[in-house]
Amino acid sequence: MAGADGDDSLYPIAVLIDELRNEDVQLRLNSIKKLSTIALALGVERTRTELLPFLTDTIYDEDEVLLALAEQLGNFTMLVGGPEYVHCLLPPLESLATVEETVVRDKAVESLRKISQEHCPVDLEVHFEPLTLVMPTLRQAAEDKSWRVRYMVADKFSELQKAVGPEITKNDLVPAFQNLLKDCEAEVRAAAANKVKEFCENLPEDNREQIIMTHILPCVKELVSDTNQHVKSALASVIMGLSTILGKDNTIEHLLPLFLAQLKDECPEVRLNIISNLDCVNEVIGIRQLSQSLLPAIVELAEDAKWRVRLAIIEYMPLLAGQLGVEFFDEKLNTLCMAWLIDHVYAIREAATCNLMKLVDKFGTEWAQNTIVPKVLGMANDPNYLHRMTTLFCINALSETCGDEIITKQMLPVVLKMSNDQVANVRFNVAKSLQKIGPKIEKGYAEVKPVLEKLATDQDMDVKYFAQEALSGEKKLFHRWIQILNADDK
């Protein structure tokens, strides 16, 4: 031992060497976790000249030990003398970034990214960007015979891009990314397609547009008509984001035709992903251009056979309505919104009801009174009892946004009339509606009470129950009004 020769300063490194060579994995792991303490004891110069070379030469261990080492080295900047010497950490981290175990490689890359931010620009170019070990390994992995290896490269591409910097990205990663987008295996293409937006966002700004238009967009155009639906779906989930990167002119000329093709794709997931991200494009090209180019396809999708696609259109409608304005909306989309109320899927009818409430919030009660309410109330006479129930659901929702006058003069008479419906489900929903709108009708108790009392004696148990619930609520409300009136008189 060094301590026996009287040089206590060598003792920590001697202990480290002894423990790292110990057969007990736990001892080796404990030693790695004490690296910062050992480095402090050695000082920055001996940490650089003795400890780091030793660690670099001994990276052949259990994955648990290597993982701890990769994490420790990410916090070693000040222990080697600060940013001026941080490049000394590259050799051991580069070696760790090439080991077989994925979690070790990920942690090493994370630490490399961390210390890359602590390099000065000159050192970053001289020491970090070359990476003698990572890039050859990455190139090899991107062309590996096993598609699973290539898949992992595609899946981690954004992290790799951030770690190696702009120059290596431009010279090495762009060609590699092109190849992954054209890979023979669909799983690899899908993983790469999913990274398109993020990869483009992280390209150096000075030549980002040129790289995308020349190298990336041609690959994207091919993927739009890929034979695999998972590839097309992955691309559709991110492609709209390219509009904010490429700007208005490029979006109109190059991206809109791709979006239109995807909106007409036979795969519902592709159409769904495009619809869900329309707001990205609207921010760039404006609603008029969007409506002229994509609205016809959107209207067509409103009657899509897949109900989830119709649902996505409904959920986007309030935003689209606010952007288009009331006149354009009434001309192009109002009919659609009413048609959804009688859709054969309950989830669509429910969403369409909520949609009406949001539209009234945007366009106002006068618009609702002239445009929506008459059509909704007209459904009360529909032969289909499901549509009659939808009338009640709409009244419940619209009562949140329409004024008391509309509720009292237009909605209440219809609800009261529907209490005589032959279908029990309609009658008990009448009771629920009366309970809902009752608090909004200050002078309607005299009209509501007899109807609820009649429903409370209904032969159907559900109708009875909900009518009694409503009566209880109405009585409490009535007594509260009396209290308020008496207080005012005093």
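Arginine 388 and aspartate 421 are both buried, where buried means under 20% relative accessible area, exposed over 50% and partly exposed in between (1.4 Å probe, protein chains only). The two form a salt bridge, with their closest N and O atoms 2.7 Å apart. Arginine 388 sits in helix H27 and aspartate 421 in the loop between H28 and helix H29 (424-437), so this pair ties together parts that are 33 residues apart in sequence. A salt bridge here is a side-chain nitrogen of Lys or Arg within 4 Å of a carboxyl oxygen of Asp or Glu.

Before we go on, a word on the model: it is predicted, so local features need pLDDT of at least 70 and side-chain atom pairs count only at pLDDT 80 or more, while totals for chains, interfaces and linings use all residues. Residues are numbered from 1 along each chain as its sequence is written, and side-chain values use heavy atoms, leaving out hydrogens and water.

The structure holds 16 salt bridges, including these:

| Pair | N to O distance |
|---|---|
| arginine 388 and aspartate 421 | 2.7 Å |
| aspartate 304 and arginine 271 | 2.8 Å |
| lysine 197 and glutamate 201 | 3.9 Å |

Lysine 197 is partly exposed, with a relative accessible area of 28%, and glutamate 201 is partly exposed at 36%. Aspartate 304, in contrast, counts as buried at 12%, and arginine 271 is buried at 8%.

Now to helix H26. Helices (H or I, at least four residues) and strands (E, at least two) are DSSP runs, numbered from the N terminus. H26 covers residues 365-378 and reaches 18 Å from its first C-alpha to its last, close to the 20 Å expected at 1.5 Å a residue; that expected span is 1.5 Å times one less than the number of residues. At isoleucine 372 there is a kink of about 45 degrees, shortly before proline 374. The bend is the angle between axes fitted to the seven residues ending at a residue and the seven starting there. Among the buried residues of H26 are Trp367, Ile372 and Leu377.

Finally, the whole protein chain has 31 helices and zero strands. Of its 490 residues, 50% count as buried.
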